[in-house]
Amino acid sequence: MTDCIFCKIVQGDIPCNKVYEDEHVLAFHDIDPKADTHLLVIPKQHIVNLMSVKGDQWDTVSKLLKTVNSIAQQEKLEGYRLITNNGEQGGQEVFHMHWHILAGTKLPGF
Ligand code: AMP
Ligand code: ZN
């Protein structure tokens, strides 16, 4: 996807503050953190959002979710909130699937 900001980060055309990378997954600090720790975990493959996932893409989602726990351990998080916004009505602004890891001081309940 030529116009996708997260694809550009995957390709190294836009810099990021990387915390983890493997063959399928990249994780980096959110540029506008909403908590003490605010990381984004994305598939390297361009997938629009969880709502759009089909077929083999579920394998990528599964790998990504396993990686979330490894990243939490690596970053020594004692707990975290995991959010993925889906579509405009779900508050999604970047249309390349990403999972927000939020942690730090006690997060508000909802
Ligand atoms: P969402 O509203 O779920 O689509 O979240 C998009 C997130 O991407 C927001 O929290 C932004 O702060 C974050 N973001 C946008 N551009 C960048 C970037 N270049 N590097 C890191 N995070 C970004
Ligand atoms: Zn993309």
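**Exercise 1. Which backbone oxygen does the side chain of Thr84 reach, and where does Thr84 lie?**

Step 1. The side chain of Thr84 comes within 2.9 Å of the backbone oxygen of His98. A polar contact is a pair of N or O atoms within 3.5 Å; within protein, one must be able to donate a hydrogen and the other to accept it, and residues adjacent in sequence count only if both atoms are side-chain atoms.

Step 2. Helices (H or I, at least four residues) and strands (E, at least two) are DSSP runs, numbered from the N terminus.

Step 3. Thr84 counts as buried because its relative accessibility is 18%. Buried means under 20% relative accessible area, exposed over 50%, partly exposed in between (1.4 Å probe, protein chains only).

Step 4. Leaving out residues up to four places away in sequence, Thr84 touches Leu50, Met97, His98 and Trp99. Contact means heavy atoms within 4.5 Å.

This is a predicted model: local features need pLDDT of at least 70, side-chain atom pairs count only at pLDDT 80 or more, and totals for chains, interfaces and linings use all residues. Residues are numbered from 1 along each chain as its sequence is written, chains are lettered from A and ligands numbered from 1 in the order in which they are written, and side-chain values use heavy atoms, with hydrogens and water left out.

**Exercise 2. Which residues coordinate the zinc ion (ligand 2), and why is the arrangement tetrahedral?**

Step 1. The donors are Cys4 (SG), Cys7 (SG), His46 (ND1) and His96 (ND1), at 2.0 to 2.3 Å. Donors are N, O and S atoms within 2.8 Å of the metal (3.2 Å for Na, K and Ca); water is not among the atoms, so sites may look incomplete.

Step 2. The 4 donor atoms subtend angles of 105 to 117°, so the arrangement is tetrahedral. Four donors count as tetrahedral if all angles lie between 85 and 135 degrees.

Step 3. Along the chain, the donor spacing reads C-x2-C-x38-H-x49-H. His46 is in the loop between strand E3 (37-43) and helix H2 (57-74). His96 is in the loop between strand E4 (81-83) and strand E5 (99-103). The pair is 50 residues apart and links distant parts of the chain.

Step 4. His96 counts as buried because its relative accessibility is 0%.

**Exercise 3. Is Lys76 buried or exposed?**

Step 1. Lys76 lies in the loop between H2 and E4.

Step 2. Its relative accessibility is 69%, so Lys76 counts as exposed.

Step 3. Check the backbone: phi of Lys76 is near 55°, a positive value in a residue other than glycine.

Conventions: Four donors count as tetrahedral if all angles lie between 85 and 135 degrees; four count as square planar and six as octahedral if opposite donors are over 155 degrees apart and all others between 65 and 115; anything else is irregular.
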